[in-house]
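Here are my notes on the model you sent.

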Amino acid sequence: MGRLDNKVAIITGAASGMGLAAVQLFAKEGAKVVATDIAVEQLEKAISTLEGDIITFALDVSSEQQWKDVSEQAKVEFGKIDILINNAGVSVHKGLLDEDLEGWNRAINLNLTSVFLGMKTVIPYMQQNNKGSIVNCVSLAAIIGSADNGAAAYSAAKGGVRALSKHAAINYAKDNIRVNSIYPGAILTGAAQKYGVTSAEQLGNAFKNTIPLPPHAGEAIDIANGYLYLASDESKFVTGEELIIDGGWSTH
Ligand SMILES: NC(=O)c1ccc[n+]([C@@H]2O[C@H](COP(=O)([O-])OP(=O)(O)OC[C@H]3O[C@@H](n4cnc5c(N)ncnc54)[C@H](O)[C@@H]3O)[C@@H](O)[C@H]2O)c1
């Protein structure tokens, strides 16, 4: 028996990194997965090798219309939506004095407005079943300034997701909808891989003095396992919670 049998899950940013790891894990645990990303070709290619009940859709998380289309298609295809993993996000490494209004708006749009649109669109579907679980991907950058890698707008946007998650948790608990958030530290995913980093050990070399737990950086599956716990009924009495997965970075 799978930990997500009979559940329908929408996952954003599913073509790479944590989103892709979550698609694989959720499908293995019995979920019907709606895997979405703005990079459709990359998504199709990544998903083509995976086993399980997975369908793919183009979804730019900053488009309200696309959120509506994907949610409706998920309902038509699978009859309901149980789980929403707001995983997609884009880091922009500019400090407060270097950032301009256009860059600020873009970072807020992709990292915060996107989560607002996702929850606003999907919660009514969950209300139809009087049940649901939403997991929002935040970042350690929302909690400690030294973790933001010089990214002012990104940190602010992720801080907004942290607050919005609490808002949704308290307001939709009455509908048996749980809203939790995950705070990754340094995790080997798409961005680092583009720079030629191929293992958590290699990434961890840069974090030896920052992250106490070896190999001093995490892997996408470490976050996907957190998504799985918070998405599944194993966490049925958990809401408004903040799960930090950072190898101990935030302990000092
Ligand atoms: N990797 C880390 O160390 C780290 C740390 C803290 C938080 N995070 C957060 O983790 C989440 C996942 O990132 P990742 O590290 O797996 O990165 P990644 O680059 O491997 O994957 C991100 C995915 O999001 C997609 N995407 C980008 N813009 C999009 C849009 N407008 N609409 C839909 N999809 C879009 C990309 O195509 C990509 O497939 C993000 O929210 C990120 O902010 C990552």
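1. Which backbone N or O atom lies 3.0 Å from an oxygen atom of the ligand? It belongs to M18. The model is a predicted one, and that applies to every value below.

2. For S16 the separation is 2.6 Å, and for T189 it is 2.5 Å. Taken alone, the ligand exposes 840 Å², of which the protein buries 86%.

3. Two elements, α1 (17-28) and α5 (152-172), each give two or more residues to the shell around the ligand.

4. In total, 27 residues surround the ligand. The closest are S16, D37, N87, Y154 and T189. Sorted by class, the shell consists of 15 nonpolar, nine polar and three charged residues.

5. The loop between β5 (132-137) and α5 contains S139. This serine counts as buried because its relative accessibility is 8%, below the 20% cut-off. Its side chain reaches the backbone nitrogen of A141 at 2.9 Å.

6. N149 has its place in the loop between β5 and α5. Its phi is positive, about 50°, although N149 is not a glycine. With a relative accessible area of 55%, N149 is exposed, since the threshold for that label is over 50%.

7. N6 is another non-glycine residue with a positive phi, here about 65°. N6 is found in the segment before β1 (8-11). Its relative accessibility is 58%, so N6 counts as exposed.

8. The peptide bond from P214 to P215 is cis, and its omega is near 5°. P215 is placed in the loop between α7 (200-204) and β8 (218-219).

9. Helix α2, residues 40-47, includes K45. Is K45 buried or exposed? Its relative accessibility is 66%, so K45 counts as exposed. Between K45 and A15 the C-alpha to C-alpha distance is 8.4 Å, while in sequence the two are 30 residues apart.

Note on methods. Residues numbered from 1 in each chain as written. Predicted model: local features only at pLDDT ≥ 70, side-chain atom pairs only at ≥ 80, totals over all residues. Heavy atoms only, no water. Near = heavy atom within 4 Å. Polar contact = N/O pair within 3.5 Å; in protein donor to acceptor, adjacent residues only side chain to side chain. Areas by Shrake-Rupley, 256 points an atom, 1.4 Å probe, with all protein chains shown as cover. Helix = DSSP H or I, 4+ residues; strand = E, 2+ residues; numbered from the N terminus. Nonpolar A, V, L, I, M, F, W, Y, C, P; charged D, E, K, R; others polar. Buried < 20%, exposed > 50% of the residue type's maximum accessible area, 1.4 Å probe, protein only.
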